[in-house]
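Reader: Please take a close look at the ligand site. I would like the contacts, the cover and the make-up of the shell.

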Amino acid sequence: MTIFPRNSLFSRLALALVASFLLLGLALMWLTRLLDHHYQDEITQRLHFALAEHIVHEGPLFLDDQPDPAAVERAFHNMMILGKGFEFYLLDPDGRLLNYSAPAEKIKRQRIPLTAIQQALSDNPSLPLRGPDPRALERDKIFSVAPVLSEGRLQGYLYIIINGEIYDSVVAQVASEEWPRWVALVLAATLGFLLLSTLGLLAWLTRPLRRLTDDIEAMEQQGFGSGTLKLRGRNPPDEIHRLSGAFNALSERLEIQYRKVKSVDEMRRELLAHVSHDLRTPLAALQGYLETWLLQQEQGRGDPEYVRIAHQNAGKIHKMVDQLMELARLESDQVPMQIEPVGIAELVQDVLQKYRPAAQAKQVLLDVQPKDPSLQVLADIEKLERVFTNLVDNALRHCQAGDTITVRLTPGPEHLSVAVSDSGIGIPASDLPHIFDPHYKAANSVRGDSAHSGLGLAITRRLLALHQSPIEVSSQVQQGTEFRFQLDWA
Ligand SMILES: Nc1ncnc2c1ncn2[C@@H]1O[C@H](COP(=O)(O)OP(=O)(O)OP(=O)(O)O)[C@@H](O)[C@H]1O
Ligand SMILES: [Mg+2]
């Protein structure tokens, strides 16, 4: 991992910063140039604003209302001494050009609008003030102007363009060589320094974020989040996206954990309530029969039937406690499994054998199809036996005389399908989704049979889940019930 990956927040911020600094630099250069021109114009115009007036006061420029060529020539010559930047125009009272210090072909306009002149002659003109340049149609320049009077009568104006054409060409030459280089250099140095210090600050400020994301990444690599981390759209994502992805994953996990804990907790509480209720009946019976028997003993007799019933109740309590312990054990995360090849037909035969006397008494037929000893599956034999015991026990309890219970083994390409079906009373459709819940007894269950606490199917499902096999059920009231699951081949 590089220190600053291409898509990291820092890299992107830095890129944006460099871009905006570049833009800022260009804008600053442009603005500096603009302001520079503005102030230079103002300063120069202020310096020379009264120039025209001074020259007019030097001596008369008109003779008999006409420009006096000799006087004008002299004046222009004097003014040339002042500097090459000035251009002189003698105007009539309407602003028309009468005489000028330039070759005639250079003159592009013959009249200066009086508005500009009047503005300059007003009391407080705001400088820099630009007027039309006779040498160019679309160029305005700073100027100095003064009325030429003779005995109080207006004869015309002396209009001087300050910083004329020669000045422009000199400026252009200097500007193209010196100005941009110096300003650009100073600007670049200033902005470069600013940029570097801001980048440093940025790197420092985003460091905790980077560390956090690195930590999260490390956590991810160690297996946390196992693929739940959602990194949206970006590859590689930046710190913020990684953080929000990790945050989502975390909260999802927390939510799942919370729900799990909540449901397990609720289940436990419910179970405890039911169990204490169910234990109470056989316990009360056990106590009652024993007390009666003790009383009888004191009177010198004692009916062994009471002891037998007490013993029976003790057996029920024993079974219930055993089942609870078993479920609790299975619900815990680490259940030892002893997977080995199992002859399934034989195992089912053994289970059916246990139930045969009870089935015969009830006139229910038990069968396994096919009775093929070569069918070998991978399973924990004890747990699988418990599965069949629970299913056959349930089936038998819900069958009547003439019914059949069949365990059908159907070999498939990948698994062996097992179906335990009976032609018994069936389970109402409304109960079907709940029969695997611990302690759920369907409406059909034999009432008052406190030996059955409704844990059998919960245990069965868990035992099969440990074999990675979900269990399915289908049932029709008065037609029968079928439980199905699959086992891996050995
Ligand atoms: N083959 C079946 N035919 C009809 N109903 C059944 C069948 N198997 C299960 N049930 C119904 O599902 C309920 C839950 O069965 P489960 O084995 O979990 O509990 P149980 O048999 O009542 O008690 P336990 O198994 O703890 O002795 C039963 O009470 C019964 O109502
Ligand atoms: Mg049962």
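Author: The site is described below, from contacts to surroundings.

This is a predicted model, in which local features need pLDDT of at least 70, side-chain atom pairs count only at pLDDT 80 or more, and totals for chains, interfaces and linings use all residues. Residues are numbered from 1 along each chain as its sequence is written, chains are lettered from A and ligands numbered from 1 in the order in which they are written, and side-chain values use heavy atoms, with hydrogens and water left out.

Around ligand 1 stand 23 residues, each with a heavy atom within 4 Å of it. The closest are Asn394, Asn444, His452, Leu455 and Leu457.

On its own, ligand 1 has 590 Å² of accessible area (Shrake-Rupley, 1.4 Å probe). The protein covers 99% of that.

At least two shell residues come from each of helix 8 (304–331), helix 10 (381–397), helix 11 (456–465) and strand 14 (480–488). These are DSSP runs, with helices (H or I) of at least four residues and strands (E) of at least two, numbered from the N terminus. Helix 10 gives the largest share, three residues. By class, the shell has eight nonpolar, eleven polar and four charged residues; Gly counts as polar here.
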